[in-house]
Amino acid sequence: MAAYIRVVDKINYRVGRFIMYGIFAMMAVLLWSSISKTFFLPSLWTLEIAQFLMVGYYILGGAYSIQLGSNVRMDLFYANWSDRRKAAFDTATVFMLLFYLGVLLYGGFESTIYSLEYGERSPTAWRPYIWPIKIVMCLGIVMMLLQAVSELFKDILKLKSEAA
């Protein structure tokens, strides 16, 4: 378990640290969009590229967010609990996250296959292919699944060490 945690945490940490700078790429695209609409002919691609960058930023940063514990939880009771009780509660609730991510991955995979088979394109004037962003979404969901299992293992190890 410790080796799995080390490998998954290292990968998700590095990807997350790299992806967090993606916000600047999105800002640059939106800045160019504003400039081109004001002074030149508007670019067709800017809005969709910004949307695709935001999806990548959000979905690929999800595992890093789980790793940092920056997800939203009800701290009314949780904050006052002991570390052992928190680990026990997190161990039980991570299965809901795993189920949710599993359903998302199944739907994302099916949608990606459809998009690849039929050459799905966006219904806009620019008409980019949709499959690249769907692949990024599936990759991000897999990374979140791996990180959720890593968090489960951390909680199990914490419960075992405190029981001994």
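Close-up 1. Helices here are DSSP runs (H or I, at least four residues), numbered from the N terminus. The model is predicted, with local features requiring pLDDT of at least 70 and side-chain atom pairs counted only at pLDDT 80 or more, whereas totals for chains, interfaces and linings use all residues. Residues are numbered from 1 along each chain as its sequence is written, and side-chain values use heavy atoms, with hydrogens and water left out.

**Close-up 2. Buried residues and the end of helix 6.** Among the buried residues of helix 6 are Lys86, Asp90, Leu98 and Ser115, where buried means under 20% relative accessible area, exposed over 50%, and partly exposed in between (1.4 Å probe, protein chains only). Gly119, which follows helix 6, has a positive phi, near 60 degrees.

**Close-up 3. The salt bridge between Glu120 and Lys134.** The closest N and O atoms of Glu120 and Lys134 are 2.7 Å apart, a salt bridge being a side-chain nitrogen of Lys or Arg within 4 Å of a carboxyl oxygen of Asp or Glu. This pair links the loop between helix 6 and helix 7, which holds Glu120, to Lys134 in helix 7, 14 residues apart.

**Close-up 4. The salt bridges of Lys154.** Asp9 and Lys154 meet through their side chains in a salt bridge (2.8 Å, N to O), linking helix 1 (residues 2–19) to helix 7 (residues 131–163). Glu151 also forms a salt bridge with Lys154, and the shared partners join Asp9, Glu151 and Lys154 into one network.

Definitions and conventions: Helix = DSSP H or I, 4+ residues; strand = E, 2+ residues; numbered from the N terminus.
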